[in-house]
Amino acid sequence: MDKIQEFLFNNQDVPYRDFQSKLIPTVADGNFIGVRTPVLRAYAKELAKSEDKSSFLAKLPHRYFDENQLHAFVISLTKDYDECIGQVERFLPFVDNWATCDQLSPKVFKKHKEELLPHIELWLKSDREYTVRFGIKMLMDHFLDSDFDEKHMKKVAKIRSDKYYINMMISWYFATALAKQYDTAVKYIETGALDKWTANKAIQKARESYRVTDEHKEYLKSLKKQTSG
């Protein structure tokens, strides 16, 4: 066992491991160690500054879910954009669950949005479930505020998949859009641009959000009735 795995097992929380394994069904039960997220984040900060960083990031695939989480956290701390995007591209094919996908959130992307867009375009067209999910998440995280352009929303709306975790991210994207860009996003619900399941999930999530007004929630509720079935 290398010293990184040794650290992870020394910080194992067995009840937490068992809890995680129920939430993340795409990872085999034997591949969870059970290290809590704050511990992983703190260790990622240490690892990002250590000589072990490069060898750890180069060692793919990892066996354990916790190693993948740690990998995502270390990448997310990378300050150089070119280095970071290279690490992301190399890691994405090995992402096998929604949690690791969603934890991969590089801070440096906020300063390089235009450079990021061509990569997002390719991610959205991928045949890998979590690569597509990650692409949608990047549009949600970085292009629903001052950099909003409806052309990105149209691309998300056109995605059709039988993959649960892609459709859940589409619904999350539109729920967030209903909070941030309501007048534009609501048209996609009204016109049936989304499939029924995804539209209903987006409405459900939006109605649970404190960022959506009560008036908008009531209207969305009426749209859910229209798109149910």
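1. A patch here is made of residues with over 30% relative accessible area and no salt bridge, with like charges joined within 9 Å. In this predicted model, Asp80, Asp82, Glu114 and Glu115 gather on the surface in such a patch, of negative charge. Glu114 has its place in helix H8, residues 113-124. With a relative accessible area of 60%, Glu114 is exposed, because the cut-off for that class is over 50%.

2. There is also a positive surface patch, formed by Arg41, Lys45, Lys49, Lys79, Lys107, Lys110 and Lys111. Lys111 is placed in the loop between helix H7 (98-103) and H8. At 73% relative accessibility, Lys111 counts as exposed.

3. Salt bridges come next. A search of the whole structure finds 11 of them. One joins the side chains of Arg17 and Asp18, at 3.1 Å from N to O. Both partners are partly exposed: Arg17 has 24% relative accessibility, and Asp18 has a relative accessible area of 34%.

4. Lys53 forms a salt bridge with Glu83, and the closest N and O atoms are 3.3 Å apart. This pair links distant parts of the chain, with Lys53 in helix H4 and Glu83 in helix H6, 30 residues apart. Lys53 is buried, since its relative accessible area is 15% and the limit for that class is under 20%. Glu83, at 37%, is partly exposed.

5. In the salt bridge between Glu150 and Lys187, the closest N and O atoms are 3.9 Å apart. Glu150 lies in helix H10 (residues 150-158) and Lys187 in helix H12, so the pair ties together parts that are 37 residues apart in sequence. Glu150 is partly exposed, with a relative accessible area of 25%. Lys187 is partly exposed as well, with 37%.

6. The structure holds 11 aromatic pairs. Tyr164 and Tyr165 make one that is edge-to-face, 4.9 Å centre to centre and with 90 degrees between the planes. Tyr164 counts as partly exposed at 43% relative accessibility, whereas Tyr165 counts as buried at 13%. Ring pairs link Tyr164 and Tyr165 with Tyr130 and Trp197 into a cluster.

7. Another ring pair is that of Phe174 and Tyr188. Their ring centres are 5.6 Å apart and their planes lie at 50 degrees, so the pair is tilted. Phe174 belongs to helix H11 (residues 164-180) and Tyr188 to helix H12 (residues 182-190), so the pair ties together parts that are 14 residues apart in sequence. Phe174 and Tyr188 are both buried.

8. Ala175 has its place in helix H11. Ala175 is buried, with a relative accessible area of 7%.

9. Cys84 is found in helix H6, residues 81-91. Its relative accessible area is 0%, so Cys84 is buried. Between the C-alpha atoms of Cys84 and Phe73 the separation is 12 Å, with the residues 11 apart along the chain.

10. A point on the backbone: the peptide bond from Leu60 to Pro61 is cis, with omega near 0 degrees. Pro61 lies in the loop between helix H4 (53-58) and helix H5 (65-76).

Definitions and conventions. Residues numbered from 1 in each chain as written. Predicted model: local features only at pLDDT ≥ 70, side-chain atom pairs only at ≥ 80, totals over all residues. Heavy atoms only, no water. Phe/Tyr/Trp six-rings, centres within 6.5 Å; stacked < 30°, edge-to-face > 60°. Buried < 20%, exposed > 50% of the residue type's maximum accessible area, 1.4 Å probe, protein only. Helix = DSSP H or I, 4+ residues; strand = E, 2+ residues; numbered from the N terminus. Patch = residues over 30% accessible without salt bridge, like charges linked within 9 Å, V, L, I, M, F, W, Y side chains within 5 Å. Areas by Shrake-Rupley, 256 points an atom, 1.4 Å probe, with all protein chains shown as cover. Salt bridge = Lys/Arg side-chain N within 4 Å of Asp/Glu carboxyl O. Lys, Arg positive; Asp, Glu negative; His and termini not counted. Charge placed at Lys NZ, Arg CZ, Asp CG, Glu CD.
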